[in-house]
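Me: I have a model open and want to go through it with you. Let us take it in short questions.

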Amino acid sequence: MQTHFTSAQLADPDLAVCNQVLRTCVHCGFCTATCPTFVLLGDELDSPRGRIYLMQEMLESGTAPSRDVVTHIDRCLSCLACMTTCPSGVHYMHLVDHARTHIERTYRRPAAERRLRALLAATLPYPARFRAALRAARAARPFRRLLGTRLSAMLALVPARLPAPGVSGEPRVHPAIGPRRARVALLAGCAQQVLAPSINEATIRLFTRLGVEVVVARDSGCCGALVHHLGRHGAALAAARQNIAAWEREISADGLDAIIVNASGCGTMVKDYGFLFRTEPEREAAARVSALALDISEFLHRHGYEPTRASPGIRVAYHAACSLQHGQRVTTEPKALLARAGFTVLEPKEPHLCCGSAGTYNLLQPEIASKLRERKLSNLEATDATVIAAGNIGCITQLASGRLPVVHPVELLDWMAGGPKPAAL
Ligand code: SF4
Ligand code: SF4
């Protein structure tokens, strides 16, 4: 498509990238068919093509967008199904990421929305604060019906029981059992270690048994994706910078064969550090980190995984997290590993559609998010599986209200290789 940025605007590296992305789009509209918000709402402005037009106008004008424009861009899940579908290779993610930053810098949201977004940014990335917030939210649950739709929807997502804090998120080295075959850093994450520490525990048990030393690097923490999707570019860079420095120290100390991410939303972000830091002094280190980043399923598939228990004959419905299938294009490895472990792997209808979790989306857009959750749950339950497996903590939390237990694939793989049976089963 034609663009009309001035040469002064194109001197800004972020706008230069947006210009390239916009020029790749040929308006064919193929992406609309797989966009969850267009499928639900049927409005062109809630489709990728419609949003691309809105973002072009907003960025070319350089001014604050209208409430309407913000509404349509806020409704985007950043699920990236449009990128998988697009035949022209439009990098929608880099465009919408910058559009969100532009909105955050130029648009003044209503006071209640500003407070909610500030609260999420100040809580979710910090495990101790997040745990305290969940405890307070559990105390408020009985009063749910007295609160507004959004707060009530937020409280509905709070788990009935909080697992005890584990040690798997603490900085330490977990030595390989037997000869060391590889050394990896594990991103311990933020919300995941509060909501489901069992995922990191299963990862560490399985890896060390496979002869892989696992280090949780001191000062590594939230990947920055949560605040990045809120348009807080500076805060996202600060979180990423801390991780890059922490992993660079590990590379210098004893080398790293990979940086393992077991929450695919975070994996998409870490794999993009090289792009995010392309004009920053840390660009080489960031590119090194991105090149080492692997989803846990990619590493296990390459490294070799063998079960040690007999097949339990359990039917597993595999839910492909958007950040894994669209953001990282990792599609076959998790299913192949589950099948190797002896599970019968089932795929639901409409596997490309988002479950509505999408970082903080289910907290900020509860109505659309709950429609997507019900649709996804009904497709997953129609497989007649015993359990759902999903490689992203956001999806696991979002789908937990259904009839089937939801686990991370690594919990099943660890069980079949000598670990404990996942508590959810
Ligand atoms: S499919 Fe790609 S090229 Fe076609 S309208 Fe969508 S983003 Fe543009
Ligand atoms: S990222 Fe997802 S919700 Fe947003 S425009 Fe693309 S397909 Fe639609």
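Me: How many bridges join strand β2 to strand β3?
Reply: One caution to begin with: this is a predicted model. Strand β2 covers residues 182-186 and strand β3 covers residues 212-216. The two run parallel, and the bridges joining them number four.

Me: Which residue of β4 is the bridge partner of leucine 186?
Reply: β2 is also joined to strand β4, residues 258-261. That pairing is parallel and has three bridges. In β4, leucine 186 has as its bridge partner isoleucine 260.

Me: Which residue in β9 does isoleucine 388 stand opposite?
Reply: Strand β8 spans residues 387-390 and runs parallel to β9. Two bridges join them. Opposite isoleucine 388 stands valine 406.

Me: Which elements give two or more residues to the shell around ligand 2?
Reply: The shell around ligand 2 has 13 residues, and the closest are Cys35, Pro48, Cys76, Cys79 and Cys82. The elements giving two or more are α3 (36-41), α4 (48-61) and α6 (81-85).

Me: How do the residues around ligand 2 divide by type?
Reply: The shell holds 13 residues in total. They divide into 10 nonpolar, two polar and one charged.

Me: Which elements give two or more residues to the shell around ligand 1?
Reply: Around ligand 1 there are 14 residues, with Cys25, Cys28, Cys31, Cys86 and Val90 coming nearest. By type, the shell has nine nonpolar, four polar and one charged. Two or more residues come from each of α4 and α6.

Me: Is glycine 29 buried, exposed or partly exposed?
Reply: Glycine 29 is placed in the loop between α2 (13-24) and α3. It has 13 other C-beta atoms within 10 Å. A residue counts as exposed at 12 or fewer and as buried at 20 or more. So with 13, glycine 29 is partly exposed.

Me: How far apart in space are glycine 29 and glycine 50?
Reply: In sequence the two are 21 residues apart. In space, C-alpha to C-alpha, they are separated by 9.1 Å.

Me: What distance separates the centres of domain 1 and domain 2?
Reply: The domain assignment gives domain 1 (7-106), domain 2 (111-156), domain 3 (172-301) and domain 4 (307-416). Taken over C-alpha atoms, the centres of domain 1 and domain 2 are separated by 29 Å.

Me: What is the radius of gyration of the protein chain?
Reply: The secondary structure comes to 24 helices and nine strands. For 425 residues the globule rule gives 22 Å, and the chain comes close to that, so it is as compact as a globular protein of that length. Its radius of gyration is 21 Å.

Me: What share of the residues in the protein chain is buried?
Reply: Burial calls for 20 or more other C-beta atoms within 10 Å. Of the 425 residues, the buried share is 47%.

Note on methods
Residues numbered from 1 in each chain as written. Chains lettered and ligands numbered in written order. Predicted model: local features only at pLDDT ≥ 70, side-chain atom pairs only at ≥ 80, totals over all residues. Near = placed C-beta within 6 Å. Nonpolar A, V, L, I, M, F, W, Y, C, P; charged D, E, K, R; others polar. Domains from an automatic or database assignment. Rg over C-alpha atoms; globule rule 2.2 N^0.38 Å. Pairing = 2+ DSSP bridges.
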